[in-house]
Amino acid sequence: MPSSDSSQGPLRGWKLPLLIWIVVVQIVFYHGLWSQYGQVIVEFLPWSR
Amino acid sequence: MEQVINLIAFLVIAIVATISGSWILAAAGLKTRRWVLDFALAGGAGLVFLALLTAGTAFLHLLWLPPWFLLVLLSGVAFLLHRLFREGESFSRPDQVGHGCEPVLDATARSGTLGKIAGLLLVGLVTVHLLLNLLAAMAPVTGVDSLIYHLSIPKIYLLAGGMTYLPSMYQSAWPLLIQMIFLFAQWFQNAEVAQMMNFWAVFLSCLVIYELAGGRTRRIFALVAVLLYLSISDVIYQSSIALVDVAAALFLLLAFAALTIWLQARQTTRWLVLSGVLAGAFAAGRISNAGLVIALIAALIAVILMERRQDGQSLPARLAPAAVISAAAFLVVLPWHLRSWWYTGNPIYPYLYAFFGGLNFSAEAAAYLTQLSFFKTVGSRSLGGLLTLPWDITMDPHRFRSGVIGPVLLTCLPLVAIYRRQMPSSWFRLAVFFSAAALPIWYLTYVRVRSLLPVVALLMVLTVLGIGALLADLQVAGWFKIIVVGVLVAWLGTGLLTNFYHHTSAAAVTLGLKNPNDYLRASLTATGFGWFDDFQLLNKALPSQARLLIWEDRGFYLDREYLWASGLARGLASFEELQDSERLVRRLEQWGVTHLVWGRAASASKELERLRQLLMEGKTPTLLIYQSPRLEVRKILFRNYDTASTSPEAESINRDGGPSAQ
């Protein structure tokens, strides 16, 4: 069990893997989204028009 | 003013269908006493009944009747059933049921001030989403497939006075139950109202999702589940465009809800019949949808088999509920496949052509279409592809020719496994088994997110239950919960931005801030359709009896009957006819085609380009009557054409749509 995990509930033993999973998914997803739609989003923002 | 009339027409259809649905469900004793769920069930069932009634009317070629007659008939029959069976007590009293199982958390727990503020914020977000969806749905009709067939086939049926096989449009042999809702809306008012019916389907889906999640966790998390659904870009897109998938998703979600009610009470098979009818309506929305209905029935069988066997109950008796739901679903979808078989000789035309064959289609075209439907996205299927599906579909939805579902599902679905002991048992099992069975079937058939929406919605409900369990877990540190809430907030914000991005222009048209024709030109041109103005001109200039052969499949904006030139290339014309322009013209004469309408740019496919050369440049006796930088129109000079009475000049069309002054 990871030493940083002090929880006793069902999450016990899963907190660190879950944290890594959350961070990895967010980085890959938002990086992909930005690569695909970043320019569109910037152009769409009111202060860019 | 026109927008207000459209809104009133939409409300009339939605209200009459919902009240009729409510009366019929009450007559059958199918009430849960949970008004949100009862409303959604009545709304969804009402749409199915209206679609079936419209289909029957169209099939009998009774579309000359006034459309309000159908609303009167539906509500009248529903009222009669309600009076007869409710008051006469022919059926047993409504089931006193909840809507599933034990809440995963204390669903009735009171929220603190922070919770109330968050709740209000979420209600506000849902309202903004729905308002944008509605405003965009009220704008003029755009889209691609909606202009190709979802709205065009109903429009042609209305022009023809009834349902008929359209040999050049193979989609006209498909199950078209949801297009019958679009047909009724166009019949009653116009195609904008048809788009608004999709908004209505999304609204009702939100109610079902809210109820599926709401009884099992705090209401605030149920609102999050609704918002996750509203943030899927396919849902945003389809909420304002006349495609079939959001309405189909509503029907399967309701079928699932009805099944969970039966699982809890198990006193009457009527919930199973309702579930089957709704599942059948889902299957009648798209040929490949049958796969998800099979998954739902398989999940029900798995839930039943996992339960402890009661004394003396045989296996067939235990599986009878699955037979009931299958039979009801089959009865709803069967007439559509019989229709296809009657029209073409193939019940799932033009698929499985090698086995069934089919009229007016070639083996090559059938193989190409199958390849397009099944392989154009992820290519050949593999076990590895199935296992990495959740990651792939989240990170690279373009491979699936789909929109974005967001990262929350993938991020937080593990919480469902971690907190599985807190999940409500039979409901949880049904949702998990259904999803597990549906994913491989979907992966092997039509791999688009839009055809998986009911499963995605259910997985979102499960995910929200997992998030709710985590946030209620006193053993978990606050900072960890803040990270999970941050994941939610980031995606819900992105979802709202997506909705603004998709719908701002259309909403501006509805609010009178933008010229509708400018909007149409821009939206249609963005999807490669640059001849809106030409079509408007042809509507004014061509004789009302003119029958066109068009090179472009998106014929919705033409107010004349037409055949697709692509249909000729797919097998409507024989190989010999496609080699000889005179033979082809004789065939066109048999079909009543009077004019050829062809784009001036290079044709999209080799086959169309060959046809263009054959018809527009070959020996075909034609008369050029209109040309613009985008297209040209030729009148076919059949053998009995009288050149003495009509000179080429008198036939030409000028820019105002009248005869040319030259």
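Student: What makes helix α14 (residues 315-344) of chain B a bent helix at B:P321?

Tutor: The bend at a residue is the angle between axes fitted to the seven residues ending there and the seven starting there; at B:P321 in α14 of chain B that angle is about 40 degrees. Just after α14(B), B:G345 has a positive phi of about 85 degrees. This is a predicted model, in which local features need pLDDT of at least 70, side-chain atom pairs count only at pLDDT 80 or more, and totals for chains, interfaces and linings use all residues. Residues are numbered from 1 along each chain as its sequence is written, and chains are lettered from A and ligands numbered from 1 in the order in which they are written.

Student: Why does the radius of gyration of chain B agree with a compact globule?

Tutor: The radius is taken over C-alpha atoms, and the globule rule is 2.2 Å times the number of residues to the power 0.38. For 662 residues a compact globule would have a radius near 26 Å, and chain B has 26 Å, so the two agree. The C-alpha trace of chain B spans about 90 × 55 × 50 Å along its principal axes.

Student: What share of the residues of chain B count as buried?

Tutor: A residue is buried if 20 or more other C-beta atoms, placed from the backbone, lie within 10 Å of its own; 51% of the 662 residues of chain B count as buried.

Student: How many residues does each chain give to the contact?

Tutor: Two residues are in contact if their C-beta atoms, placed from the backbone, lie within 7 Å; chain B gives 17 residues and chain A gives 16 residues.

Conventions: Buried ≥ 20, exposed ≤ 12 C-beta atoms within 10 Å, placed from the backbone. Helix = DSSP H or I, 4+ residues; strand = E, 2+ residues; numbered from the N terminus.
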